[in-house]
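Here are my notes on the model you sent. Please read them with the structure open.

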Amino acid sequence: MQLSKLITIIMLVFFFKSGYSQTDFILGKHPAWIMQGNIYEVNVRQYTAEGTFKAFEKHLQRIKNMGVQTLWFMPIYPISQKDRKGSLGSYYAISNYEAVNPEFGTLSDWKELVNKAHAMGFKVIIDWVANHTGADHYWLQTHPDFYLKDSAGNFVVAYDWTDTRKLNYANPELADSMIAEMKFWITNTNIDGFRCDDASDVSDAFWKKMYCRTACTKKCFYAGRRRKTFFK
């Protein structure tokens, strides 16, 4: 995907969703808080000895004292077991988009962490993996048509990511389902946005559909060549 296309999408979403002037649309302005604040990437599993949301909470003040504004959490979802890479598996091989990795804690633990972070003035964004799922995501059984298949009828693996299966965005039902999964985190856990992984491998048509469908959430959008990020 060309950078110019992503820049066009950036400008369009701010014009469409944020009520900016046409001048702002042309300039492609971003929300002030993301332009001025520092982003801190959080690897929950490796951050503490316990590797849990509760254990990470204890470090919020120290991170705040560092001048961090936005906490970006690497994927917090359950990791697929099938074709797992190593004993721990990759965060980006997701088995369920509407659950948290039980090794990290519960969904209630996550909500409490988000609330505490907000109370301290942080913004919270989470990784979103739209290009593929893990090799045992339940969609492979319930909606096999959500996935790309090769000429032999096998599910497609992107690159050397053998623990994943590539999604098929030519299927409009998949796009609608993915948007619903994203809305789940916005409406149920009050996060401030998403950092979307491997965004350039997902069609522009999906991203446009996504922000049109989620306009009621008042999310805004930032994009880079390989990544997209959505914000309030």
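**Notes on the predicted model**

1. Start with strand E6, residues 193-197. Five of its five residues are buried, so the strand is largely enclosed by the rest of the structure. This is a predicted model. Both faces of E6 are covered. Gly-193, Arg-195 and Asp-197 are buried on one side, and Phe-194 and Cys-196 are buried on the other.

2. Which strand pairs with E6 in the parallel sense over five bridges? Strand E3, residues 123-129, does.

3. The largest nonpolar core has 53 residues. Those with the most contacts inside this core are Leu-71, Phe-73, Ile-76, Trp-110, Trp-128 and Trp-185. Helix H9, residues 172-189, supplies the largest share, eight residues. As background, nonpolar side chains tend to be buried together in soluble globular proteins.

4. Ile-76 deserves a look of its own.

5. Now the helix pair H7 and H9. Helix H7 covers residues 107-119, and its axis comes within 10 Å of the H9 axis. The two axes cross at roughly 65°. From H7, the contact is made by Leu-107, Trp-110, Lys-111 and Val-114. From H9, Phe-184, Trp-185, Asn-188 and Thr-189 take part. By class, this contact has five nonpolar, two polar and one charged residues.

6. Is Arg-165 buried or exposed? Arg-165 sits in strand E5, residues 164-166. Its relative accessibility is 10%, and the cut-off for buried is under 20%, so Arg-165 counts as buried. Arg-165 and Gly-134 are 31 residues apart in sequence, yet 6.1 Å apart in space, C-alpha to C-alpha. Not counting residues up to four places away in sequence, Arg-165 touches Gly-134 and others, including Lys-82, Asp-83, His-132, Tyr-147 and Phe-155.

7. Finally, confidence. The protein chain averages a pLDDT of 81, and 76% of the residues score at least 70. Two stretches call for caution. Over residues 1-29, pLDDT stays under 50, and the model has 56 contacts beyond four places in sequence for them. Over residues 214-232, pLDDT also stays under 50, and the model has 84 such contacts. Where pLDDT is low, the predicted coordinates should not be read in detail.

Definitions and conventions: Residues numbered from 1 in each chain as written. Predicted model: local features only at pLDDT ≥ 70, side-chain atom pairs only at ≥ 80, totals over all residues. Heavy atoms only, no water. Buried < 20%, exposed > 50% of the residue type's maximum accessible area, 1.4 Å probe, protein only. Helix = DSSP H or I, 4+ residues; strand = E, 2+ residues; numbered from the N terminus. Pairing = 2+ DSSP bridges. Core = buried A, V, L, I, M, F, W, Y, C linked by side-chain atoms within 4.5 Å. Axes fitted to C-alpha atoms, helices over the stretch in contact; angles between N-to-C directions. Contact = heavy atoms within 4.5 Å. Nonpolar A, V, L, I, M, F, W, Y, C, P; charged D, E, K, R; others polar. pLDDT = per-residue confidence, 0-100.
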